[in-house]
Amino acid sequence: MDGLRLRALEPEDLDRLVRWEADHVEAGLRISPYSKAVLRRYLDESHRDFWEAEQVRFMLTNAEGEALGLFDVFNAQPVHQRAEVAVLVDPALRKRGLAKEGLRLVEHWAFGRA
């Protein structure tokens, strides 16, 4: 998949994030979605340092800048240099290898920080 990249979340991503959170509930992955207010606060705080916030979210985009999915690096432990990764691909775009390619980009970002 040529042209895939990770970018920081932007305020204009808010409605898409709300929709994707609702999809988590419909799929049985969460009891209730995050509210729009909670997601807005997250966006407002996303400038914080990764190790301080212990989390960073990336939007996966194609060459045209279209949002395809979300990669959340969380539970970061600076002493052990480890974190967990959650993957969300837009339901309409699944089964195309986007998660695998996005994880490669996250891996490149993570090892580039070391």
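The side chains of Asp15 and Lys36 are joined in a salt bridge with an N to O distance of 2.9 Å, a salt bridge being a side-chain nitrogen of Lys or Arg within 4 Å of a carboxyl oxygen of Asp or Glu. Because Asp15 belongs to helix α1 (residues 14–26) and Lys36 to helix α2 (residues 36–45), the pair ties together parts that are 21 residues apart in sequence. Helices (H or I, at least four residues) and strands (E, at least two) are DSSP runs, numbered from the N terminus. The model is predicted, so that local features need pLDDT of at least 70 and side-chain atom pairs count only at pLDDT 80 or more, whereas totals for chains, interfaces and linings use all residues. Residues are numbered from 1 along each chain as its sequence is written, and side-chain values use heavy atoms, with hydrogens and water left out.

Lys36 counts as partly exposed, at 38% relative accessibility; buried denotes under 20% relative accessible area, exposed over 50%, and partly exposed the range in between (1.4 Å probe, protein chains only). The structure holds six salt bridges. One of them links the side chains of Arg7 and Asp13 at 2.8 Å, N to O, and both Arg7 and Asp13 are buried. In another, the closest N and O atoms of Glu101 and Arg104 are 3.1 Å apart. Both Glu101 and Arg104 lie in helix α4, three residues apart, about one turn of the helix. Glu101 is partly exposed at 22% relative accessibility, and Arg104 is partly exposed at 45%.

In soluble globular proteins, nonpolar side chains tend to be buried together. A nonpolar core is here a set of buried Ala, Val, Leu, Ile, Met, Phe, Trp, Tyr and Cys residues joined through side-chain atoms within 4.5 Å. The largest such core has 14 residues, and those with the most contacts inside it are Leu6, Phe58, Leu60, Leu68, Phe71, Val73 and Leu98. Two or more residues are given to this core by each of β2 (55–61), β3 (67–77) and α4 (98–113). Strand β3 provides the largest share, four residues. Another core, of eleven residues, lies apart from it and includes Leu9, Leu17, Trp20 and Leu43.

Asp90 is placed in the loop between β4 and α4 and counts as buried at 10% relative accessibility. The side chain of Asp90 makes a polar contact with that of Trp20 at 3.2 Å. A polar contact is a pair of N or O atoms within 3.5 Å; within protein, one must be able to donate a hydrogen and the other to accept it, and residues adjacent in sequence count only if both atoms are side-chain atoms. Not counting residues up to four places away in sequence, Asp90 touches Arg16, Arg19, Trp20, Leu68 and Gly69, contact meaning heavy atoms within 4.5 Å.

Arg5, in strand β1 (residues 5–8), is partly exposed with a relative accessible area of 43%. Apart from neighbours within four places in sequence, Arg5 is in contact with Met59, Leu60, Thr61 and Leu105. The C-alpha atoms of Arg5 and Met59 are separated by 8.2 Å, although the two residues are 54 residues apart along the chain.
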